[in-house]
Amino acid sequence: MRCAALACSVLIAGCAVGPDFRRPSPPPVERYTPEPLATESVAAQIPGGAMQRFVRDLDIPGQWWTLYRSPALNSLVAQALRANPTLQSAQAALRVAEENHLASRGALFPSADASFSTTRQKSAPILSSPLNTPEPVFNLHTAQLSIAYVPDVFGGVRRQVEAAAALAESQRCELEATYVTLSSNVVAAAVQEAALRAQIAATEEIVKLETEQVALMQRQYELGAIAEANVIAQRVTLAQAQATLAPLRKQLAQQRNLLTALAGRFPSDEVAERFDFANLELPVELPVSLPSKLVEQRPDVRAAEAQLHAASAEVGVAVANMLPQFSISANIGSVASEIGSLLGSGSGFWLVGVNATQPLFHGSTLLHRKRAAQAAYEQAAAQYRATVIAALQNVADTLRALQYDAIALKAALDAKLLAEESLAIARRQLELGDISYLGLLTAEQAYQQTVLALVQAQANRYADTAALFQALGGGWWNARPAETKG
């Protein structure tokens, strides 16, 4: 009686054994770097040269890529969100987790099953017939309703439901992470295409200049002003510049394939959108969320928290399995030798039973399962902390990258302008005979290197800006449900 009273009181109070989950405290830091960061002014009217500034706690729009002011980019991201199979897979995985959660809740309610059976049998002559008849061969028709209920006295079932809900939440966060990663990958691929196009254009311009120089030196050679070796050396320089075009065009073709695949298409169905730096505007206001807010925004941190919650609930399940288990069952039905007599007088039967089971000895299986659940919780807690640290590191790395991207772009632009001026002077000096061909060759090589370095510096600024939006969570909390759940 005391055990029954205790079980009833626990059930009524709605308690469940095991630890009650408490969300981890936010990281006790106020910023990502030892000192406040600021971006440098590039002071140049070139793509990617705009002045950027960090704005603390600026909210991130759900469609943050629209800040690049590129209709082509907006269109391609929209295509990817509609048709990319990776996102569709994540959406289906979420539906699986949600349905499993709903299915787990069924254990909280009684179950009812209806059954009907028909048998034909013969009784041994030395035994009395189970029917009120001497006939040894007879038919037996049985119809019954069975009801079973397992009261969740110690909350084991509720903990299982709690764990399933946490796993569904984790999968929801995985979907959000897939959404953010997909949109970020499209932006990064578009920026890389623009960079390749810029490198190809710059290389073609270099080839044009080298071709003109070859023609000029050929005329000088015909006039006897220079040696043939100088003309041949210039042709080698031209051939080297031309040789760099094929690898760049190969990379561009492969980048087009990547963009097409991200949009959920086959390579033969290439996307129509094209990307150049001139059609991409660099976002100038960059959000910087507090670390305490970042853990709310990052899908991977939220997924790790949900996994920690599920591990906490599993500890309660393991504890409950070591406690008494109660069950209530009832059967009601009718049995007769003729189907038409099933509802007749004297054919009915019923059964009501209560069962209580206390595990006594299972070879320490239940104990070790509880310890395993506790260890799994500790593992999930450590993984959560590692995820938070990695998230803050990711933001810090991106902030540092943006800080030095501006410095690098300014230096690359200055170097390119100086190399361009140096090349022009070297050409005039060569025409006047003031320098040798080697001086011109040095100036040409320096100019080629600075042109390509400038393109890479521009690409880094665009790409790292997108990386910051991704590192801060990608604004999924401001996205429309159709964008994240399909």
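View 1. Threonine 33 counts as buried, at 9% relative accessibility (buried is under 20% relative accessible area, exposed over 50%, partly exposed in between; 1.4 Å probe, protein chains only). Threonine 33 lies in the loop between α1 (2-13) and β1 (53-56); helices (H or I, at least four residues) and strands (E, at least two) are DSSP runs numbered from the N terminus. Its side chain reaches the backbone oxygen of glutamate 35 at 2.6 Å. Apart from neighbours within four places in sequence, threonine 33 is in contact (heavy atoms within 4.5 Å) with Ala396 and Arg400.

The model is predicted, so local features need pLDDT of at least 70 and side-chain atom pairs pLDDT 80 or more, while totals for chains, interfaces and linings use all residues. Residues are numbered from 1 along each chain as its sequence is written, and side-chain values use heavy atoms, without hydrogens and water.

**View 2. The tryptophan 476 and tryptophan 477 ring pair.** The ring centres are 5.7 Å apart and the planes lie at 85°, so the pair is edge-to-face (rings of Phe, Tyr and Trp, the last by its six-membered ring, pair with centres within 6.5 Å; planes under 30 degrees apart are stacked, over 60 edge-to-face, the rest tilted). Tryptophan 476 is buried at 12%, and tryptophan 477 is partly exposed at 28%. The whole structure holds six aromatic pairs.

**View 3. An aromatic cluster.** Trp64, Trp65, Tyr179 and Phe469 are linked by ring pairs.

Definitions and conventions: Polar contact = N/O pair within 3.5 Å; in protein donor to acceptor, adjacent residues only side chain to side chain.
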